[in-house]
Amino acid sequence: MLAVPLLAAAAEPARPAPSGDLPPGSQAAAGQSGAAGDLRLALLHFDPVPGDVAGNRARIEQAIREAVGHGADWVITPELAETGYNFVSRIGTGWIAPFPDAWMGKLAAIARDHRVALFVGFAERDAATGKLHNSVAVIDRDGRLLGTYRKQRVHGGVEDWSVAGSGGSPFVVDGLAVGTLICADAYAAEPAARLADQGAEILLVPANWPSIRGMGPGDVWERRTLETGLPLIAVNRGGSEPELDFSNGETVVSLNGERLHQLTAPKGGIFYIDWDRRQGFRTVRP
């Protein structure tokens with residue numbers, strides 16, 4: 001299946017991950033570790049199989065362990081990594097559970113045992129109302145389930161199964177205030193500005209954003225960084241579903257209105273970014 005190359009590529013440490021269009025000199029040599037105090041972020045440019053929840057969960061778990069083996073401190077998946085994007089037509093929504101379900105408990109144990117923080121895109125049912133949300137779960141290195149962020153700008157059609165979330169505030173991970181958005185939440189200035197006003201120090205944006213004319217992302221991510229002064233990492237996906245081609249999807253690191261790193265992998269891959277917790281980023285080949 002299309003998801004296999006993600007793990008195959010990650011499992012070959014001598015083979016560099018696809019680097020996309022990178023500034024000259026931006027990549028460290030293979031095997032070089034980050035400086036003291038740096039955080040290594042593993043960006044799972046994942047290729048989920050739509051509707052294969054069990055298989056996608058297993059591949060995410062395997063990818064987390066692979067990333068930890070390469071020194072990752074945080075692992076970030078794309079939007080709806082658990083399900084794929086167009087999953088409802090295949091498996092419906094009756095199976096979607098409130099947070100945290102048994103799988104989130106398993107991820108919390110993995111996070112605790114491997115001392116890694118996780119940001120995972122999944123489908124969530126509100127325990128009180130039964131309403132469904134396109135969400136990101138945040139789990140810290142101690143295995144604490146910090147909560148979820150729910151997508152606020154829901155597209156019609158394929159996302160009709162979900163309803164818009166509201167509010168949202170930064171999660172404190174490794175002493176840093178981390179703001180989360182999901183894909184189209186970055187279209188407008190207000191969600192990112194609100195997170196900045198609440199003290200966010202970085203914006204993480206899981207996405208399922210195909211590179212199709214008229215569908216973005218254009219310079220959306222860069223504009224959010226110019227307005228807020230915050231770095232933004234958009235974790236997109238590769239591969240394709242019968243309904244949409246994500247093979248040219250871009251995972252991006254942006255700051256001060258500029259795109260610092262642009263990373264693509266047609267069949268999926270894991271990218272690694274070392275962050276100095278301030279304004280410095282570099283891609284690495286672990």
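## Close-up views of a predicted model

**View 1. Contacts between helices H2 and H4.** In this view Arg57, Ile60, Glu61, Ile64, Arg65 and Val68 of H2 meet Trp103, Lys106, Leu107, Ile110 and His114 of H4, a contact being heavy atoms within 4.5 Å. Helices (H or I, at least four residues) and strands (E, at least two) are DSSP runs, numbered from the N terminus. The model is predicted, and local features need pLDDT of at least 70, side-chain atom pairs count only at pLDDT 80 or more, while totals for chains, interfaces and linings use all residues. Residues are numbered from 1 along each chain as its sequence is written, and side-chain values use heavy atoms, with hydrogens and water left out. The contact of H2 with H4 is made up of 6 nonpolar, 1 polar and 4 charged residues; here Ala, Val, Leu, Ile, Met, Phe, Trp, Tyr, Cys and Pro count as nonpolar, Asp, Glu, Lys and Arg as charged, and the others, Gly among them, as polar. Helix H2 (residues 53–69) packs with helix H4 (residues 102–114) at an angle of about 10 degrees, and their axes are 11 Å apart, where axes are lines fitted to C-alpha atoms, for helices over the stretch in contact, and angles run from 0 to 180 degrees between N-to-C directions. This makes H2 roughly parallel to H4, a term for angles under 35 degrees, as over 145 counts as roughly antiparallel, 65 to 115 as roughly perpendicular and the rest as oblique.

**View 2. The buried side of helix H5.** In helix H5 (residues 189–197), the buried residues are Pro191, Ala192, Arg194 and Leu195, buried meaning under 20% relative accessible area, exposed over 50% and partly exposed in between (1.4 Å probe, protein chains only). They lie on the same side of H5 because they cover an arc of only 155 degrees around the axis, the arc being that of the directions from the helix axis to the C-beta atoms. The buried residues of H5 pack against strand S7 (176–180), strand S8 (202–206) and helix H6 (220–228). Just after H5, Gly199 takes a positive phi of about 100 degrees.

View 3. Arg194 and Glu190 join their side chains in a salt bridge (2.8 Å, N to O), which is defined as a side-chain nitrogen of Lys or Arg within 4 Å of a carboxyl oxygen of Asp or Glu. Both residues lie in helix H5, 4 residues apart, about one turn of the helix. Arg194 counts as buried at 18% relative accessibility, whereas Glu190 is partly exposed at 40%.

View 4. Glu124 forms a salt bridge with Arg150, and their closest N and O atoms are 3.1 Å apart. Glu124 belongs to strand S3 (residues 117–125) and Arg150 to strand S5 (residues 145–150), so the pair ties together parts that are 26 residues apart in sequence. Glu124 is buried, with a relative accessible area of 4%, while Arg150 is partly exposed, with 22%.

View 5. The side chains of Glu227 and Arg224 meet in a salt bridge (2.8 Å, N to O). The two residues are 3 apart in helix H6, and about one helical turn separates them. Glu227 is partly exposed, with a relative accessible area of 45%, and Arg224 is buried, with 2%.
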